[in-house]
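Dear colleague,

I am handing over a structure that you have not worked with before, and I would be glad if you could look through it with the notes below at hand.

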Amino acid sequence: MKQLLKTLTETFAPSGYEDAVRKVIMKEVKSLADEMSVDVLGNLIVRKKPAAGAKNPKKIMLAAHMDEIGVIVSHIDKKGFARFTNIGGTFGRYTLGARVRFLNGVTGVVGYDRLEQVDNTIPINKMYIDVGATSKENCPVKVGDVAAFDRSYIEMGERIVAKSLDDRSGVIVLIETLRAIKSTPNDLYFVFTTQEEVGTRGAGTAAFGVNPDIGIAVDVTPTGDTPSSLKMVMELGKGPCVKFRDVGMISDPRVVDWMIQTAEKAKLPYQREVLLVGSTDAREIQITRAGVMTGALSIPVRYVHSASEMVDYNDLKNSVKLLTEMLKKPVNF
């Protein structure tokens, strides 16, 4: 599981450019899937059919997004420095000094025009990427070229640090859940979505196509366990979080109860999540077609949208256990 997560996080796939990570996922799930397809927006849809004789199987869609935040070149100056803008929630405070890798393999470091006050928040429109060029003519990147943070995967005890744990954490939880479920009375669709970071776009089209009875997004959630953090109860190492509310959606109480009752019966740790910032694919799933009963399972993460996001390995394992327990039994509501 850790080696696969290392591979997933060290693969570069900003929003709209998910091909590389989709290939990694397809290789892992091919032998586990009853059906597999890729839709127009690039969502990977993996079906696990209900066991023979299953009565009135519920169609359940589980979504984890493949994409990550990134940057895109908007201008090259005469000395070969590349100006850029964001793809998704790329924050200035995490970007200055970062190394980035372009999809064509070129690497660069982010610099700043003039640093007048060290402690100020720095806007990315005052930054540039230095790719080692000396002129516009020998600059190895062009306007429209896309890059993501370049940072390796490391382990710190039970803590894992890497770029793009948002949401490769959710991706690996879905892969390992699919691997763990040998038979199910439900009709399961494991969907690895695109373009979540730029507006949950892939999840909307995928949910329209799947037309599920129930939807569950598996994503990360910021924690409240660091100094001076927002007043939220989510912590690393205390188990997956059952979402009640975020900025974009209110979870269906029936789905919330299903998650909590399953966790308590299986004696698995869980946390109750009310998120004060951000949303997930669940927002789009919930309002597709005539509406879908939807909830979300969240993995606690520190330093979200930085190049060094942090999760606890036990939270990943317990997320897999909880989803497996939920999906291997009939859903009666």
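Predicted model: local features only at pLDDT ≥ 70, side-chain atom pairs only at ≥ 80, totals over all residues.

Residues are numbered from 1 along each chain as its sequence is written, and side-chain values use heavy atoms, with hydrogens and water left out.

I begin with the pockets. On a 1 Å grid over the protein atoms alone, a pocket is an open set of points with protein on both sides within 12 Å along at least five of seven lines, whereas a cavity is a set of points where a 1.4 Å probe fits but cannot get out; lining residues have an atom within 4 Å of a point. Points are joined across faces, edges and corners, and a volume is the space filled by probe spheres set on them.

The largest pocket holds about 640 Å³ of space. It is lined by 29 residues, of which Pro-222, Val-277, Gly-278, Val-304 and His-305 are the closest to its centre. Helices (H or I, at least four residues) and strands (E, at least two) are DSSP runs, numbered from the N terminus; in these terms, helix H3 (92-95) and strand E13 (214-222) each give at least two residues to this lining, and E13 supplies the largest share, with four residues. The lining of the largest pocket comprises eleven nonpolar, eleven polar and seven charged residues, where Ala, Val, Leu, Ile, Met, Phe, Trp, Tyr, Cys and Pro count as nonpolar, Asp, Glu, Lys and Arg as charged, and the others, Gly among them, as polar.

The second largest pocket has about 180 Å³ of space, and the residues that line it include Trp-258, Lys-265, Glu-325 and Phe-333. Two or more of its lining residues come from each of helix H6 (253-265) and helix H8 (313-327), with H6 giving the largest share, four residues. By class, this lining has five nonpolar, two polar and three charged residues.

The largest cavity contains about 60 Å³ of space, and among the residues that line it are Glu-68, Phe-149, Asp-166 and His-305; its lining divides into two nonpolar, three polar and four charged residues.

Helix H4 (residues 165-180) has 16 residues, and its end C-alpha atoms are 21 Å apart, which agrees with the 22 Å that it should span at 1.5 Å a residue, the expected span being 1.5 Å times one less than the number of residues. H4 is mostly covered, since 14 of its 16 residues are buried (under 20% relative accessible area, with exposed over 50% and partly exposed in between, for a 1.4 Å probe and protein chains only).

Finally, two residues deserve a paragraph. Asp-187 lies in strand E12 (residues 187-193) and counts as buried because its relative accessibility is 8%. Its contacts (heavy atoms within 4.5 Å), not counting residues up to four places away in sequence, include Arg-47, Lys-48, Pro-57 and Ile-60. Thr-90 sits in the loop between strand E5 (82-87) and H3, and is likewise counted as buried, at 8% relative accessibility. Beyond its neighbours within four places in sequence, Thr-90 is in contact with residues including Ile-69, Gly-70, Ile-124 and Phe-149.

With best regards
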